[in-house]
Amino acid sequence: MSNVVLKNVKKIYDKKTVIDGVDLEIKDKEFMVLVGASGCGKSTILRMIAGLEEISGGEIFIGDKKVNDVHPKDRDIAFVFQSYALYPHMTVRENIAFGLKMRKVDKSTIEQKVQEAAKILNLTEYLDARPRELSGGQRQRVALGRAIVRNPKVFLMDEPLSNLDAKLRVQMRSEIKKLHEKLQTTFIYVTHDQTEALTMGDRIVVLDKGHIQQVDTPEEIYNNPKNLFVAGFVGSPQMNFIDGELISEEYKGMTIGIRPEKMITDGDIKLTADVDISEMLGSEKIVYFNIGDSKCSAKLPVEQIVGEKIELSISRNDIYKFDKISGNRII
C-alpha cells in the first residue's frame, strides 16, 4: 500500500505558522494535486512528505509506516523538481541511472531499468545525448525517468511543467497522466495552475495560507465550491462576485457568484451593463463589464456582436450564494 496520510501536520518558520494543522489522506494509486497561489504552503507540504522539510508538529505516514524521523532516502519516494536537476556532463543514460548507481545496484539491473524507463518515456534514441542537446520537454522526461527506475511507492512532483512553454505543458500534462496509468503508483503533484489541477487530478486539494479549503474531485471543486476562495480560484475567467442586493432583495446579506459562461442565459433576472473591453479568443469571446463596484466577465459565442452595452439574462439556478462575513457557501 502506498497511501499517504497527514495528521494535524504543522510547519512553523521563525515563529510564523505556515502550515496550520493539515489533515489529509491520499489514497493508494491516486493522482492527488495540491493547488493554490504562491506562498499557500503546497510545496512545503510536499517537501515535508519527502522529508526535505522537518515538520513542527503532527504525523506523516507512507503506507502503514510513520515517517516523521525517517531519512528522505529511506521513505521510498521519488521527487521530481521544477528545475529538472540534471547533471549536464552526464548522458541521459547516466542521469537516469545515477540514483541506482549510488545505491550500488548491479550494472545489468541498472541497464534493464534504464531501458524500460526510456521506452515508457520515448527516450531510447536519446540515451547517449547530454541534457544541453535536449528540448525542455525531453529534459523533463529524463527527470521522470530517473524517478521511475527507483520504482518508488510515491511520486512527488513540484511544479514540474512551469519551465515549459504553453504547447509543451499541454503535451506533458497528457504524458504524465498516461505515466500514472501505466505505473499504477501514488502521485502527489503541486501546481499553481488551476488548469493543470482540473485536468490531471483524481482529486484536488485547494490551499490558502496554510489551510485546506476543499478536497474533492475536479468536477465537485468546479461545480460545488465550499466557499468564496475556492469559487474564485478555480475557473477562467474567475467566477463573478456581486453584492446580492444589486440582483434582487432576496439575496440581501449575501455575495452571489455566477460563472462567466452562465452570464448570458434564458434566465429570469435581467440586467444591463456598460462594456469595458472585449477579447476575442478564437472559439469564444470574453466581455468585461461592471455591475456596481464588481468587475465581471461573460463568455460569449465568437460571432455575437458586442456594443457599448450588454444585456444580461441570468437564471436563478446558476447563482451561487455565499455568506458575506464567513465566505462560506449557502446551500
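Visitor: In which sense do E12 and strand E17 pair?

Guide: This is a predicted model, by the way. E12 and strand E17 (residues 320-323) are joined over four bridges. One spot to look at is Ile 256, with Lys 321 of E17 opposite. The sense of the E12 and E17 pairing is antiparallel.

Visitor: And which residue of E12 is the bridge partner of Asn 240?

Guide: Start with strand E11, residues 240-243, which is tied to E12 by four bridges. Those two strands run antiparallel. Asn 240 has its bridge partner in E12, and that is Ile 258.

Visitor: Which residues of E12 point the other way from Met 254, Ile 256 and Ile 258?

Guide: Side chains in a regular strand alternate between the two faces of the sheet. In E12, Met 254, Ile 256 and Ile 258 point one way. Both sets are buried, and five of the five residues in E12 (residues 254-258) are too. Pointing the other way are Thr 255 and Gly 257.

Visitor: Switching to helices, is H2 parallel or oblique to H3?

Guide: H2 (residues 92-102) and H3 (residues 107-120) pack with axes 10 Å apart, at an angle of about 130°. Roughly antiparallel would need over 145 degrees. That angle therefore makes H2, relative to H3, oblique.

Visitor: How many charged residues are in the contact of H2 with H3?

Guide: The crossing is right-handed. H2 brings Arg 93, Ile 96, Ala 97, Leu 100 and Lys 101, while H3 brings Ile 110, Glu 111, Lys 113, Val 114 and Gln 115. Sorted by class, five are nonpolar and one is polar, and the charged ones number four.

Key: Residues are numbered from 1 along each chain as its sequence is written. This is a predicted model: local features need pLDDT of at least 70, side-chain atom pairs count only at pLDDT 80 or more; totals for chains, interfaces and linings use all residues. Side-chain values use heavy atoms; hydrogens and water are left out. Axes are lines fitted to C-alpha atoms, for helices over the stretch in contact, and angles run from 0 to 180 degrees between N-to-C directions. Angles under 35 degrees count as roughly parallel, over 145 as roughly antiparallel, 65 to 115 as roughly perpendicular and the rest as oblique. A crossing is left-handed if the near helix is turned anticlockwise from the far one by less than a right angle, and right-handed if clockwise. Contact means heavy atoms within 4.5 Å. Ala, Val, Leu, Ile, Met, Phe, Trp, Tyr, Cys and Pro count as nonpolar, Asp, Glu, Lys and Arg as charged, and the others, Gly among them, as polar. Buried means under 20% relative accessible area, exposed over 50%, partly exposed in between (1.4 Å probe, protein chains only). Two strands pair if DSSP finds at least two bridges between them.
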